[in-house]
Amino acid sequence: MADIVELIYADHDWLRRQFFYLDYATSDGELKAVWDVLATRVDTHADAEETVFYPALLKKGQAGDPEDETEDAIDDHNKIRNAVAEAGTHRVGSKVWFEAVGQARTENGKHLDEEEREALPDFIKSTTSELRHQLAMQWLQFYAEHQAGAGVNTEDKDAAGYIEANS
Ligand SMILES: [Fe+2]
């Protein structure tokens, strides 16, 4: 069976590694090659979680505090999205670009760590393998329908409104 938790963890590993690859880049062209794909994936990942994972956590989570976990995630996703968008307004390799990418990296790192300590463990303890399989399939469909960032929602979200709409 497929597993939404495995797919999210795999994405987290991939995102961390791509941020790391920026450190190996030796030209603006190499930076751009890594960043363009990474930035798109960061935004797609946040939208996929908000579409597939957090609504299920809000309805099924009980081992922790799903509303608090979701509020933290939405607020973090907004910070990460804003930093990615800021980077997109600057020339790749410029000082201000590095600052925005550094901000995205810092916020993303903090967020993944918190998600892996709170939201995912709550979900693991509160759900069945059947649900994890169903959500994995929805996750794969989401990625198929949003290739190269097509149609990804990068708008800021109001955490309280999101929680109310998805509980
Ligand atoms: Fe997330």
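## Helix 3 and helix 4

Helix axes are lines fitted to C-alpha atoms over the stretch in contact, and the angle between two of them runs from 0 to 180 degrees between N-to-C directions. In this predicted model, the axes of helix 3 (residues 66–87) and helix 4 (residues 95–117) come within 8 Å and cross at roughly 160 degrees. Because angles over 145 degrees count as roughly antiparallel, helix 3 is roughly antiparallel to helix 4. The crossing of helix 3 past helix 4 is left-handed.

On the helix 3 side, the contact is made by Asp-72, Ala-73, Asp-76, Lys-79, Ile-80, Ala-83, Val-84, Glu-86 and Ala-87. Helix 4 contributes Trp-97, Ala-100, Val-101, Gln-103, Ala-104, Glu-107, Asn-108, His-111, Glu-114 and Glu-115. Sorted by class, the contact of helix 3 with helix 4 has 9 nonpolar, 7 charged and 3 polar residues.

## Helix 3 and helix 7

Helix 3 also meets helix 7 (residues 159–166): their axes come within 9 Å and cross at roughly 130 degrees. That angle makes helix 3 oblique to helix 7, and the crossing is right-handed.

Glu-67, Thr-70, Glu-71, Ile-74 and Asp-75 of helix 3 make this contact with Ala-159, Tyr-162 and Ile-163 of helix 7. The residues of the contact between helix 3 and helix 7 comprise 4 nonpolar, 3 charged and 1 polar.

In soluble globular proteins, nonpolar side chains tend to be buried together. Here the largest nonpolar core has 16 residues, and those with the most contacts inside it are Ile-4, Phe-53, Leu-57, Leu-135 and Trp-139. At least two residues of this core come from each of helix 1 (4–22), helix 2 (28–60), helix 3, helix 5 (119–126) and helix 6. Helix 2 supplies the largest share, 6 residues.

Apart from this core lies another, of 15 residues, among them Leu-38, Ala-39, Ala-46 and Ala-83.

Which residues does Ile-4 contact, leaving aside its neighbours within four places in sequence? They are Phe-53, Arg-132, Leu-135, Ala-136 and Trp-139.

## A positive phi at Ala-148

Ala-148 lies in the loop between helix 6 (129–145) and helix 7. Its phi is near 55 degrees, a positive value in a residue other than glycine. Is Ala-148 buried or exposed? With 10 other C-beta atoms within 10 Å, Ala-148 is exposed, since a residue counts as exposed at 12 or fewer.

How values were computed. Residues are numbered from 1 along each chain as its sequence is written. This is a predicted model: local features need pLDDT of at least 70, side-chain atom pairs count only at pLDDT 80 or more; totals for chains, interfaces and linings use all residues. Helices (H or I, at least four residues) and strands (E, at least two) are DSSP runs, numbered from the N terminus. Angles under 35 degrees count as roughly parallel, over 145 as roughly antiparallel, 65 to 115 as roughly perpendicular and the rest as oblique. A crossing is left-handed if the near helix is turned anticlockwise from the far one by less than a right angle, and right-handed if clockwise. Two residues are in contact if their C-beta atoms, placed from the backbone, lie within 7 Å. Ala, Val, Leu, Ile, Met, Phe, Trp, Tyr, Cys and Pro count as nonpolar, Asp, Glu, Lys and Arg as charged, and the others, Gly among them, as polar. A residue is buried if 20 or more other C-beta atoms lie within 10 Å of its own, exposed if 12 or fewer, and partly exposed in between; C-beta atoms are placed from the backbone. A nonpolar core is a set of buried Ala, Val, Leu, Ile, Met, Phe, Trp, Tyr and Cys residues joined through C-beta atoms within 7 Å.
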